[in-house]
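Please walk through the fold and the two ligand sites of this model.

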Amino acid sequence: MSSVRRRIIVTGGAGFLGSHLCERLIGGGADVLCVDNYFTGRKENVASLLPLPQFEAMRHDITHPLFVEVDEIYNLACPASPIHYQFDPVQTTKTSVIGAINMLGLAKRLKARIFQASTSEVYGDPNLHPQPESYRGNVNPIGPRACYDEGKRCAETLFFDYFRQHQLKIRVARIFNTYGPRMHPNDGRVVSNFIVQALRGAPITLYGDGTQTRAFCYVDDLVDGFVKLMAAPDTITGPINLGNPVETSIVELAGLVIELTGSRSKIVPRSLPVDDPVQRCPDITEAERILG
Ligand code: NAD
Ligand code: UDP
């Protein structure tokens, strides 16, 4: 029997951001197909959704073609933490590039709207602050972060070529650092690392001198941005920055986590990873203007 409910795929739907998005879409009355290979995602993240008839989980790697029938695609599949995307860098590039080709091909056949979870990493180690969408970035194409940064840049290229060549309805969001419930305790990203270390009374691992900056967005606010961007008119393709425009140094973050948890943990210095961006903060003028 045909249904009038929107059918939506979320690739990477069992991951941190993906699981929140699946919940939001189901809450909004859609049917959701979560597609994930469980590299960094977990079934526990979607456990509360599994009994629902509106939700379906499929184990699938998006580097392989997928034939399903849907109305919208959110492409989030890709490990996002440096330790995970550098674990198998070739697979990371394949996921970004071949995965994008497969999902764009699916969108083309179905004439479906497609959203790409791009990243602030397309700006590399930026020399313009804050970063507007027009900034073309400063990425090292041969460093250890390149599998992710260049993979995501190439995915953006593919999205805009499918837009120009096949008139696809695309939405590209450049996501800045986001945190919230369901980050894996071993995820390796700074907010979860510091909180887990503080709660365990373990040393807080500060990479470099901690003067490098990031701007941290809460997951619910980010997911609002995803849904609003997807609902925007088809003339709004992005790329559009989504994130919190308040910049914090990593050493300040460490102090804040210690204070809020009342932890006795001490900050211990560790070497700064290669190509770690010195300063990062989104210019969200466009998101404010277009998405409110
Ligand atoms: P995550 O690691 O929790 O989620 C990624 C999900 O993709 C996982 O469930 C993983 O198993 C799945 N996956 C990886 N490779 C796959 C493949 N080949 N086929 C199918 N599934 C695959 O990370 P996240 O923080 O939820 O990030 C989601 C997306 O948002 C990623 O594309 C990431 O690049 C982007 N992003 C996130 C942030 C952030 O701060 N969280 C910032 C910028 C961009
Ligand atoms: N970082 C840190 N200690 C940690 C993990 C990360 O000092 O235990 C630093 C890292 O060097 C970077 C910042 O925190 O400068 C954000 O790192 P994360 O991996 O969360 O995200 P990304 O570098 O991709 O923005």
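**Sheet and ligand sites**

Q: In what order do the 7 strands of the open sheet stand, and is the pairing parallel or antiparallel?
A: Strands here are DSSP runs of E with at least two residues, and helices are runs of H or I with at least four, both numbered from the N terminus. Two strands pair if DSSP finds at least two bridges between them. The open sheet runs S3-S2-S1-S4-S5-S6-S11, and its pairing is parallel.

The model is predicted: local features need pLDDT of at least 70, side-chain atom pairs count only at pLDDT 80 or more, and totals for chains, interfaces and linings use all residues. Residues are numbered from 1 along each chain as its sequence is written, chains are lettered from A and ligands numbered from 1 in the order in which they are written, and side-chain values use heavy atoms, with hydrogens and water left out.

Q: What angle does the direction of helix H1 make with that of S1?
A: Helix H1 (residues 16-27) packs on the sheet and touches several strands, among them S1 (7-11) and S2 (31-36). Contact means heavy atoms within 4.5 Å. Axes are lines fitted to C-alpha atoms, for helices over the stretch in contact, with angles from 0 to 180 degrees between N-to-C directions. The angle is about 170°.

Q: Which residue has a side-chain N or O atom 2.6 Å from an oxygen atom of ligand 1?
A: The shell around ligand 1 has 31 residues, each with a heavy atom within 4 Å of the ligand. Polar contacts are pairs of N or O atoms within 3.5 Å. A backbone N or O atom of Phe-39 lies 2.9 Å from an oxygen atom of ligand 1. The side-chain contact at 2.6 Å comes from Tyr-148.

Q: How much of the area of ligand 1 does the protein bury?
A: Accessible areas come from the Shrake-Rupley method with a 1.4 Å probe. Taken alone, ligand 1 exposes 820 Å². The protein buries 97%.

Q: What share of ligand 2 does the protein cover?
A: Polar side-chain atoms of Arg-145 and Gln-212 each lie 3.0 Å from an oxygen atom of ligand 2. On its own, ligand 2 has 520 Å² of accessible area. The protein covers 96%.

Conventions. A polar contact is a pair of N or O atoms within 3.5 Å; within protein, one must be able to donate a hydrogen and the other to accept it, and residues adjacent in sequence count only if both atoms are side-chain atoms.
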